[in-house]
Amino acid sequence: LVLRWEKAAEWGHVALRGVTTENGIKSEDTTGSKRGYGVGLGGHYVLTDTTSLLASTSYGKGMGRFFNESVGGVADSAENKVYLPKELGVVVGVQQKFSDTLRGSVTYGQQRTLGGEYITVASADANRSVKSGTVGVIWAPVANVELGSEFMWSHRETLDGRSGTEPRLNFAATYSFGN
């Protein structure tokens, strides 16, 4: 179940969202499930006709794929229990419209797995924290078509203290049906 409330105005918008999801695990040793939840607050603020600030925060337990880089639940086969990660994340950014057909953005986000029973049962290579920054551009050459590119740099730290970085270059092309 996903819920979202949004209020838009000339100054920008604010949105409140919530999710609840069942986290099921089925293996040779364990079958179980546990309900997860998440809440978030975000929006954007219009600085000028061409520049907006963006911000969002999320918190929850067992948000799974609804939260960036989340690994979901883990099972303790000895106790036949499912444990869910408790996570907190923040994203901030700025979007700039260069013309009617070209816009760009710079963002930074950080997510952290908080303490609890999950950490004592999870694999040592599960995420403790993930930090990432992006720089991207989107070009709309004709109606309903957008072409984009994004450079992303990510840094990951695992529960056992190992860490690493990953640069990534993404490309996207979208066509919007309708209007």
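## Ground rules

This is a predicted model, so to speak of local features a pLDDT of at least 70 is needed, side-chain atom pairs count only at pLDDT 80 or more, and totals for chains, interfaces and linings use all residues. Numbering starts from 1 along each chain as its sequence is written, and side-chain values use heavy atoms, with hydrogens and water left out.

## Overall build

The protein chain has 1 helix and 11 strands. Helices here are DSSP runs of H or I with at least four residues, strands are runs of E with at least two, and both are numbered from the N terminus. Going along the sequence, the order is β-β-β-β-β-β-β-β-α-β-β-β.

Of the 179 residues, 30% count as buried. Buried means under 20% relative accessible area, exposed means over 50%, and partly exposed is in between (1.4 Å probe, protein chains only).

## The second largest pocket

Rolling a probe the size of a water molecule over the atoms shows where empty space is left. On a 1 Å grid over the protein atoms alone, a pocket is an open set of points where a 1.4 Å probe fits, with protein on both sides within 12 Å along at least five of seven lines; lining residues have an atom within 4 Å of a point. The second largest pocket holds about 180 Å³ of space, the volume being what is filled by probe spheres set on the points, which are joined across faces, edges and corners.

Its lining takes in 15 residues, with Ser105, Gly136, Val137, Ile138 and Glu150 nearest the centre. Strands S8 (102-113), S9 (127-139), S10 (145-158) and S11 (163-175) each give at least two lining residues, and S9 has the largest share, with 5. By type, the lining splits into 5 nonpolar, 8 polar and 2 charged residues.

Val137 is partly exposed, at 41% relative accessibility.

## Salt bridges

How many salt bridges does the structure hold? There are 5, each being a side-chain nitrogen of Lys or Arg within 4 Å of a carboxyl oxygen of Asp or Glu.

Arg35 pairs with Glu22, with the closest N and O atoms 3.1 Å apart. This one links distant parts of the chain, strand S3 (residues 31-46) for Arg35 and strand S2 (residues 12-26) for Glu22, 13 residues apart. Arg35 is partly exposed at 48%, and Glu22 is partly exposed at 40%.

Glu146 and Arg103 also meet, at 3.1 Å from N to O, joining strand S10 to strand S8 across 43 residues. Glu146 is partly exposed at 28%, as is Arg103 at 25%. Asp160 and Arg162 form another salt bridge, at 3.0 Å.

Key. Nonpolar A, V, L, I, M, F, W, Y, C, P; charged D, E, K, R; others polar.
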